[in-house]
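Open the model in your viewer and get ready to select residues by number. We will go stop by stop.

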Amino acid sequence: MLDETGQAVKDAILQVAGAIKGEKGVVYGFHVNGAESDPAAMVTYLKDAVGMTPAKMNFTDDYFDYGSWKDAFFMPRPCMLKYDGTVDYYLDPDDYTKKADGTASDVADTSYGGNAMMEWGQNGKKIWLKVVPDADAKSGTVYIADHQVDSTFHAWSFINNQGILVDHFYTPIYNGAKVDSKLRSISGLDYNYLTTAMTAAQEVTAAKANNPGSDVLWNTEVYADIMLINFLLILIGKNMDTVSVFGEGRRS
């Protein structure tokens, strides 16, 4: 029988051994060759991404083909997020007009006390990122892991407004449209008409108007979130031309 100290030492040894064997989690990687002209040929899978089938939009039959990535740890979940920053409920990923339980959602209701958002971070796993540029300044390698492999991996998007590392961060499902004084993520709104007259500073003010108190839970998207999503699209699409792989989205 081990005493508490002996058991703690044993647990620590097993944890280190597991990390050395690579059992702690996954590390996906891709290299971008800037000298290659073909956007698809520019991307080479590395580490745990090797052998994965890329995802793409099937424009012919109108469905999303996840390839090997459907259950990847970084896939987000659509939800309705209340103004106080708590998840009200999750949405049906194939039909946002419905809740995950099949009942009607509030995704198009401008009177709803919150917004339609994507929740990032599953089962306590954050998205850790490392970018290593090549010497030619046109190429580089990106690593995306479900754990902090070492101090060079960062989970910038998971740091909240108080500088604390948290389990989730949220991005809007829809382009922002101004409703009354607030910048909202709600289905069916004409965001061009409602935001074209706004300056960047005014958009930030309208986004912050969602906050129910002095704590700044709501703001516009930050650079770290945008870059992380771009890297994830390149990873799962295995292509630098993500528009041709996933589509242009709403244009008018």
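Which helix lies across β8 and β11? Select residues 223-237: this is helix α4, and it lies across both strands. Helix α4 runs at about 85 degrees to β11. Keep in mind that this is a predicted model.

Next, show the sheet. Five strands form an open sheet in the order β7-β6-β5-β8-β11, with antiparallel pairing. Strands β7 (95-99) and β11 stand at the edges with a single partner strand each, so one side of each has no neighbour in the sheet. From one strand to the next, the twist averages 45 degrees. Strands of a sheet pair through backbone hydrogen bonds.

Now select residues 77-82 and 87-92. These are β5 and β6, antiparallel strands joined by three bridges. Find C79: its bridge partner in β6 is Y90.

Move to residues 114-120, strand β8. Four bridges pair β8 with β11 in the antiparallel sense. Pick M117 and look across to β11, where P172 stands opposite.

Stay on β11, residues 169-172. Which residues make up its covered face, and which its uncovered one? F169 and T171 are on the covered face. Y170 and P172 are on the uncovered face.

Last stop: the loop between β10 (140-145) and β11, where I159 lies. Is I159 buried or partly exposed? Its relative accessibility is 37%, so I159 counts as partly exposed. Together with I159, they make a nonpolar surface patch of about 300 Å².

Terms used: Residues are numbered from 1 along each chain as its sequence is written. This is a predicted model: local features need pLDDT of at least 70, side-chain atom pairs count only at pLDDT 80 or more; totals for chains, interfaces and linings use all residues. Side-chain values use heavy atoms; hydrogens and water are left out. Patches are made of residues with over 30% relative accessible area and no salt bridge: like charges are joined within 9 Å, nonpolar side chains (Val, Leu, Ile, Met, Phe, Trp, Tyr) within 5 Å. Accessible areas come from the Shrake-Rupley method with a 1.4 Å probe; for residues, only the protein chains shown count as cover. A salt bridge is a side-chain nitrogen of Lys or Arg within 4 Å of a carboxyl oxygen of Asp or Glu. Helices (H or I, at least four residues) and strands (E, at least two) are DSSP runs, numbered from the N terminus. Buried means under 20% relative accessible area, exposed over 50%, partly exposed in between (1.4 Å probe, protein chains only). Two strands pair if DSSP finds at least two bridges between them. Axes are lines fitted to C-alpha atoms, for helices over the stretch in contact, and angles run from 0 to 180 degrees between N-to-C directions. Contact means heavy atoms within 4.5 Å.
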